Amino acid sequence: MSDIAYIKLIEEISLNAWPSHKIELYDGWLIRFSHNYTHRTNSVTQVGASLIPVEEKIAYCEKIYQNYHTPSIFKISPLVDPSFDALLAQKGYEIQHTTEVMTMDFQNFHPFPAESAEYEYYGRNSGLPSFVVYPGDTIVQLQDRITDEWIHALFRLNGTTNPTLRRIVPSMFKAIPKETIVASIEIDGRMVASGLGILDRGHVGLYAIYVDISCRHKSFARAICSTILTEAHKKGAQNAYLQVVQGNVYAKSLYSSLGFEDLYTYWFRAHANPPV
């Protein structure tokens, strides 16, 4: 498979993995809106061939986001013609959230060695262990579905306080159409680390990797990632992917040590008040 073909695959399965609150397909462009929860779920992604003139299409998208009272945002990946990025720059769109996509062949996986695993409910939980134990009494709990309890604990970890987002985002998580591996670490009944694996077409994507600031540098993120990757591999995944914001040196170092390598970079072009 060529690099461009593989990038297209990763782009497709990452779109599957992260649904938006509202989606409109417009002449090969996917217009996604989620009250600014993330750039990925609140931007325009090019997914197919276009017939309508590009200036007309940009104006249409700008009007859509103006009606939503949010900035107009376009995703720029290696699949997008560079002239489109240049056109947005001329229109005053600024680069935001440059993101590096990393992938891993499981032949290159360097797992964090676990001490034990407990299958409390044999035949349930989609074959996942209930928990996996790592050195230092670090215990990663696993579920095969996303629960309201996990989502609200995630809100606390990632600082989501907006009432609208706390209302709509749970439905976005529950709209994920693929098999999931949901991970957490708790201390005194309180979730202090999270992770989500989403399986699709022989791949597992790592999402929602968060660690409470009071629990950093305890290998919690390594334990979470390693557990999800190990269990996904058991389920048949041959490759993994993730997305990390450029400049997050600590996360990049962790992912590289697990076996991930850079594949491509994408960014967003955003305009708070584009002319319409």
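User: Which residues of α2 meet which residues of α3?

Analyst: V54, E55 and I58 in α2 meet F84, L87 and L88 in α3. Contact means heavy atoms within 4.5 Å. The model is predicted: local features need pLDDT of at least 70, side-chain atom pairs count only at pLDDT 80 or more, and totals for chains, interfaces and linings use all residues. Residues are numbered from 1 along each chain as its sequence is written, and side-chain values use heavy atoms, with hydrogens and water left out.

User: What are α2 and α3, and at what angle do their axes cross?

Analyst: Helix α2 is residues 54-68, and helix α3 is residues 82-90. Helices are DSSP runs (H or I, at least four residues), and strands are too (E, at least two), numbered from the N terminus. The axes of α2 and α3 come within 12 Å and cross at roughly 55°. That makes α2 oblique to α3. Under 35 degrees counts as roughly parallel, over 145 as roughly antiparallel, 65 to 115 as roughly perpendicular, and the rest as oblique. Angles run from 0 to 180 degrees between N-to-C directions, with axes fitted to C-alpha atoms, for helices over the stretch in contact.

User: What is the hand of the crossing of α2 and α3?

Analyst: The crossing of α2 and α3 is right-handed. In a right-handed crossing the near helix is turned clockwise from the far one by less than a right angle, and in a left-handed one anticlockwise.

User: How do you know that the span of helix α1 agrees with what it should be?

Analyst: Helix α1 (residues 3-17) has 15 residues. The expected span is 1.5 Å times one less than the number of residues. That gives 21 Å, and the end C-alpha atoms are 21 Å apart, so the two agree.

User: Which residues of α1 are buried?

Analyst: They are Y6, I7, L9, I10, E11, I13, S14, L15 and A17. Buried means under 20% relative accessible area, exposed over 50%, and partly exposed in between (1.4 Å probe, protein chains only).

User: What makes S34 and T160 count as buried?

Analyst: S34 has 0% relative accessibility, so S34 counts as buried. T160 has 8%, so T160 counts as buried. S34 is in the loop between β2 and β3. Leaving aside neighbours within four places in sequence, S34 is in contact with S20, H21, T41, N42, L165, I168 and M172. T160 is in the loop between α4 (148-158) and α5 (163-174). With the neighbours within four places left aside, T160 is in contact with Y37, F155, L165 and R166.

User: Why does N36 count as partly exposed?

Analyst: N36 has 37% relative accessibility, so N36 counts as partly exposed. N36 is in the loop between β2 (29-33) and β3 (44-46). Its phi is near 65°, a positive value in a residue other than glycine.
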